[in-house]
Amino acid sequence: MIEPRRLQNVRKLAAFSELSVKEICFASGYRNVPHFCAQFKKRFGCTPGSLL
């Protein structure tokens with residue numbers, strides 16, 4: 001499945017880059033920040049902003 005793999009890459013970006021959540025969202029192919037954050041939280045139990 002593409003979604004879990006995409007979210008793994010997003011997790012790395014959030015942890016090791018200085019990009020904002022919005023920049024990571026769009027760079028990862030998501031078009032909706034709230035949907036992106038909800039999917040991330042569902043998968044990892046935390047928000048992408050908590051890794052920044």
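The largest nonpolar core here has 9 residues: Leu7, Val10, Ala14, Val21, Ile24, Cys25, Tyr30, Phe36 and Phe40. Helix H1 (2–16), helix H2 (21–27) and H3 each supply at least two residues of this core. A nonpolar core is a set of buried Ala, Val, Leu, Ile, Met, Phe, Trp, Tyr and Cys residues joined through side-chain atoms within 4.5 Å. Buried means under 20% relative accessible area, exposed means over 50%, and partly exposed lies in between (1.4 Å probe, protein chains only).

This is a predicted model, in which local features need pLDDT of at least 70, side-chain atom pairs count only at pLDDT 80 or more, and totals for chains, interfaces and linings use all residues. Residues are numbered from 1 along each chain as its sequence is written, and side-chain values use heavy atoms, with hydrogens and water left out.

**Aromatic rings**

- Rings of Phe, Tyr and Trp (its six-membered ring) pair if their centres lie within 6.5 Å; planes under 30 degrees apart count as stacked, over 60 as edge-to-face and the rest as tilted.
- By this rule the count comes to 3 aromatic pairs.
- One of them joins Tyr30 and Phe36, a tilted pair with 5.1 Å from centre to centre and 55 degrees between the planes.
- Both partners are buried: Tyr30 has 5% relative accessibility, and Phe36 has 0%.
- Phe40 and Phe44 also form a tilted pair, because their ring centres are 4.8 Å apart and their planes lie at 55 degrees.
- Phe40 and Phe44 are 4 residues apart in helix H3 (residues 33–44), so about one helical turn separates them.
- Ring pairs link Tyr30, Phe36, Phe40 and Phe44 into a cluster.

**Helix H3 and its ends**

- Helices (H or I, at least four residues) and strands (E, at least two) are DSSP runs, numbered from the N terminus.
- H3 has 12 residues and reaches 16 Å from its first C-alpha to its last, close to the 16 Å expected at 1.5 Å a residue. That expected span is 1.5 Å times one less than the number of residues.
- At the N-terminal end, Asn32 caps H3, with a side-chain oxygen 2.8 Å from the backbone nitrogen of His35.
- Just after H3, Gly45 takes a positive phi of about 80 degrees.

- Phe40 is found in helix H3 and is buried, with a relative accessible area of 0%.
- Not counting residues up to four places away in sequence, Phe40 touches Leu7, Val10, Arg11, Gly45, Cys46, Thr47, Pro48 and Leu51. Contact means heavy atoms within 4.5 Å.

- Val21 has its place in helix H2 and is buried, with a relative accessible area of 18%.
- Leaving aside neighbours within four places in sequence, Val21 is in contact with Val33, Phe36, Cys37, Pro48, Gly49 and Leu52.
- Val21 and Gly49 are 28 residues apart along the chain, yet 6.2 Å separates their C-alpha atoms.
- Cys25, with neighbours within four places in sequence left aside, is in contact with Tyr30, Asn32, Val33 and Phe36.
- Ser28 sits in the loop between H2 and H3 and counts as buried at 14% relative accessibility.
- The side chain of Ser28 reaches the backbone oxygen of Ile24 at 2.7 Å.
- Ser28 also touches Arg6, Val10 and Leu13, not counting residues up to four places away in sequence.

**Residues with more of their surface open**

- Lys22 is found in helix H2 and counts as exposed at 52% relative accessibility.
- Gln8 belongs to helix H1 and is partly exposed, with a relative accessible area of 32%.
- Gln8 touches Arg43 and Phe44, not counting residues up to four places away in sequence.

Notes:
Polar contact = N/O pair within 3.5 Å; in protein donor to acceptor, adjacent residues only side chain to side chain.
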